[in-house]
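Thanks for coming. I will take a few minutes to go through one structure. Please have the sequence and the model open while I talk.

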Amino acid sequence: MKTVGIIVEYNPLHNGHVYHFEQSKKISNADAVVAVMSGNFLQRGEPSIVNKWARTEMALHMGADLVIELPVVYSSQPAEWFAFGAVSALDATGIVDHLCFGSESGELETLQILAKELKEEPVRFGTEVKQQLKKGMNYPAAYTSAIQKILPFETSEHMDLSQPNNTLGLHYLIAIERLNSSISPLTITRQKAGYHQQEVTDQQIASATAIRKLIFEKQNQSYFSQYMPNYTYEVLQREFQSGRGPIYWESLKDQLLYKLLSITPNECSHFFEVTEGLENRLKQTLPELTDSSFSVTKLLELLKTKRYTRTKLQRTLLRILLNHYKTDITIDKLKKGTPYLRVLGFSIKGQHLLKKMKKTAKVPIITKVNKNHTSLLEMDIRATSIYSLSYHNPSAKEMFQDYYQPPVIL
């Protein structure tokens with residue numbers, strides 16, 4: 001059974017995702033699809049609009065055969081480690097033949113050349129990145145600039161790595177190289193809506209960012225429903241009506257504010273992502289919030305600088321909220337890859353994949369969480385508990401849903 005892997009967030013799943021899914025199966029000639037999906041917190045450092053099981057249900061309705069959770073230690077990382085964690089999970093299954101990702105360029109060969117050159121990150125490259133950071137560039141811009149200055153071939157000049165899917169694609173390929181994985185990569189060109197595009201410019205396809213904006217602004221629901229399959233719309237409606245969405249940063253503002261107020265700058269400095277005196281900037285900025293009520297959006301606006309992007313700051317706040325310390329997330333730990341395969345859902349065909357994986361998987365497969373688990377899985381469980389506090393009236397069972405929720409089966 002030929003299998004293609006995809007790396008997704010589905011926040012929420014929309015028509016553009018369906019196109020990616022269908023094209024992935026088509027160009028890989030695959031019989032089955034394995035999706036590695038972020039859990040309740042996402043790559044840009046924000047909570048998902050609905051929980052991971054609801055989004056798994058969307059993926060299975062679309063036709064995915066097996067959905068595996070990307071651990072939170074990787075899911076809220078910059079491109080390099082987000083990609084490495086996700087690719088390591090696909091590789092660890094032992095059953096994935098291809099990885100298909102979307103890119104703005106659609107140029108696989110150029111990205112592969114770059115990936116081979118950057119596999120071991122030349123010393124000059126790292127030095128150049130640091131120099132650009134000192135000049136006030138944010139990391140994505142510094143990374144792109146370093147590639148264009150250091151790599152000895154003109155193809156790097158024609159690859160716009162300021163585009164998020166190009167950057168992610170490059171890091172997927174670097175991960176394949178570093179893991180010495182047998183997975184064969186494929187790419188398709190992203191269609192019609194840009195990754196961060198906030199405005200709707202097409203009648204059928206809009207970015208997840210634009211769709212979430214429509215939802216949070218509470219515009220006519222039938223209007224945003226046209227950009228997603230019926231099953232996505234129905235799952236969203238069910239979750240919203242049950243008080244489990246739509247979730248965004250403001251849904252967790254009280255929990256975050258309590259945490260920020262209860263720690264000293266020194267304690268804050270021990271959290272992952274808190275660097276270069278950011279702990280002092282955080283504590284000094286809080287008294288500047290003179291609006292009538294605390295707002296995460298306002299806090300981010302006050303904290304943001306040329307160096308510290310909104311995404312970087314969201315990740316920082318998330319690590320503080322989730323109690324992720326620097327000792328919990330080290331380079332040595334990240335380099336080991338995903339240490340387990342947490343199954344969120346599967347189809348009938350997915351059952352056959354799971355049976356095969358019992359013989360091929362490089363790490364344990366988890367379909368039921370018990371109380372004896374690794375520290376990284378404990379972080380996932382804690383993330384679910386904290387995420388559940390954003391619900392309208394969370395039950396104790398919802399707070400510990402990882403222990404009670406079986407995989408979604410469709």
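One definition before the rest: between two axes, angles under 35 degrees count as roughly parallel, over 145 as roughly antiparallel, 65 to 115 as roughly perpendicular and the rest as oblique. The axes are lines fitted to C-alpha atoms, for helices over the stretch in contact, and the angles run from 0 to 180 degrees between N-to-C directions. Helices (H or I, at least four residues) and strands (E, at least two) are DSSP runs, numbered from the N terminus.

On the source: this is a predicted model, in which local features need pLDDT of at least 70 and side-chain atom pairs count only at pLDDT 80 or more, while totals for chains, interfaces and linings use all residues. Residues are numbered from 1 along each chain as its sequence is written, and side-chain values use heavy atoms, with hydrogens and water left out.

Now the helix pairs. Two packed helices are described by the angle between their axes and the distance between the axes. The axes of H4 and H8 cross at roughly 55° and come within 8 Å, so H4 and H8 are oblique to each other. H4 passes H8 in a right-handed crossing, where right-handed means that the near helix is turned clockwise from the far one by less than a right angle, and left-handed means anticlockwise. On the H4 side the contact (heavy atoms within 4.5 Å) includes Phe82, Phe84 and Val87, and on the H8 side it includes Leu168, Tyr172 and Ile176. By class, the residues of this contact are 10 nonpolar, 3 polar and 2 charged. Here Ala, Val, Leu, Ile, Met, Phe, Trp, Tyr, Cys and Pro count as nonpolar, Asp, Glu, Lys and Arg as charged, and the others, Gly among them, as polar.

H8 also packs on helix H5 (residues 108-118), at an angle of about 55° with the axes 8 Å apart. H5 and H8 are therefore oblique to each other, and H5 passes H8 in a right-handed crossing. Among the residues that meet are Leu111, Leu114 and Leu118 in H5, and Leu170, Leu173 and Ile174 in H8. This contact has 8 nonpolar, 2 polar and 3 charged residues.

The next pair is helix H2 (residues 52-62) with helix H11 (residues 230-241), packed at an angle of about 160° with their axes 9 Å apart. H2 and H11 are therefore roughly antiparallel to each other. Their crossing is right-handed as well. Residues that meet include Met58 and His61 in H2, and Tyr231 and Val235 in H11. The contact divides into 6 nonpolar, 2 polar and 3 charged residues.

On to the interior. In soluble globular proteins, nonpolar side chains tend to be buried together. Buried means under 20% relative accessible area, exposed over 50%, and partly exposed in between, with a 1.4 Å probe and protein chains only. A nonpolar core is a set of buried Ala, Val, Leu, Ile, Met, Phe, Trp, Tyr and Cys residues joined through side-chain atoms within 4.5 Å.

Which residues touch the most other members of the largest core? In that core of 92 residues, they are Leu66, Leu99, Leu170, Tyr172 and Leu317. Helix H4 (residues 79-93) gives the largest share of this core, 10 residues. A second, separate core has 38 residues, including Ile6, Leu60, Cys100 and Ile215. Ile215 is also one of the buried residues of H9. Helix H9 (residues 208-216) is largely enclosed by the rest of the structure, because 7 of its 9 residues are buried.

Last, some local geometry. Most residues other than glycine have a negative phi, and most peptide bonds are trans. The bond from asparagine 11 to proline 12 is cis, with omega near -5°. Proline 12 sits in the loop between strand S1 (3-8) and helix H1 (15-28). Serine 48 is 36 residues from proline 12 in sequence and 8.1 Å from it in space, C-alpha to C-alpha. With 0% relative accessibility, serine 48 counts as buried.

Asparagine 180 has a positive phi of about 55° although it is not a glycine. Is asparagine 180 buried or exposed? At 70% relative accessibility, asparagine 180 counts as exposed. Glutamate 276 has a positive phi of about 50°, and with a relative accessible area of 56% glutamate 276 is exposed too.
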